[in-house]
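Have the sequence and the structure open side by side as you read.

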Amino acid sequence: MGIVYLLQPYANNALKRLTKTPKLYFCDTGLVTNLSMWPTRDTLVNGAASGHYFENFVVVELLKNYAYVQSRSNMTYFRYSNAKEIDIFVERGTSVHPLEIKKSANPDRREVKKFGVLDKTTTEKSYGGITCMCEEVIPMGSKNSFIPCSLI
């Protein structure tokens, strides 16, 4: 019925998949906030689970955008041994675009160090970054940027 989306874990021969359980996202953010009894904007923005709702929103918006692209893309996530995770891997052809999602206007730049896990593979690590609440795209080196959620 399209109410939920299951984001599958990234699987690669070089990187052992440590988590086999998909992550569940609601396709209608308004429905999930109503079901969880967070009816007002203020409780949603300032509540304890606001980061989770923001991640849900970004994943579903990415899913919608990639549904209309002619070239096939695959979205997954990756969680490795010390319980750290990369929120989104967008696989296009032979390259992977790693994305972190943070509900902040100025997230920690060190979050992109997680992307180094791809250096252990033959997979080409392409452009990536941190999707956040910043106002404009801010480069962080040659392949990573802060990406405003308003561009999704």
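## A lysine over a ring

Start with Lys23: its charged end sits over the ring of Tyr77, 5.2 Å from the ring centre. Keep in mind as you go that this is a predicted model.

## Aromatic pairs

Searching the whole structure turns up 4 aromatic pairs. One of them brings together Tyr10 and Phe78, with ring centres 6.3 Å apart and planes at 85°; since planes over 60 degrees apart count as edge-to-face, that's what this pair is. It's a link between distant parts of the chain, too: Tyr10 comes from the loop between β1 (4-7) and β2 (23-26), while Phe78 is in strand β3, 68 residues apart.

Both partners are tucked away, with Tyr10 buried and Phe78 buried as well. Follow the ring pairs and you get a cluster made of Tyr10, Phe78 and Phe89.

## Tyr80, in a loop

Where does Tyr80 lie? Look in the loop between β3 (74-79) and β4 (85-92). Tyr80 has a relative accessible area of 16%, so it counts as buried, the cut-off being under 20%.

## Glu61, in a helix

Over in helix α3 (residues 50-67) you'll find Glu61. Is Glu61 buried or exposed? At a relative accessible area of 19%, Glu61 is buried. Its side chain also makes a polar contact of 2.9 Å with the side chain of Lys64.

Definitions and conventions: Residues numbered from 1 in each chain as written. Predicted model: local features only at pLDDT ≥ 70, side-chain atom pairs only at ≥ 80, totals over all residues. Heavy atoms only, no water. Helix = DSSP H or I, 4+ residues; strand = E, 2+ residues; numbered from the N terminus. Buried < 20%, exposed > 50% of the residue type's maximum accessible area, 1.4 Å probe, protein only. Polar contact = N/O pair within 3.5 Å; in protein donor to acceptor, adjacent residues only side chain to side chain. Phe/Tyr/Trp six-rings, centres within 6.5 Å; stacked < 30°, edge-to-face > 60°. Lys NZ or Arg CZ within 6 Å of the ring centre and 35° of its normal.
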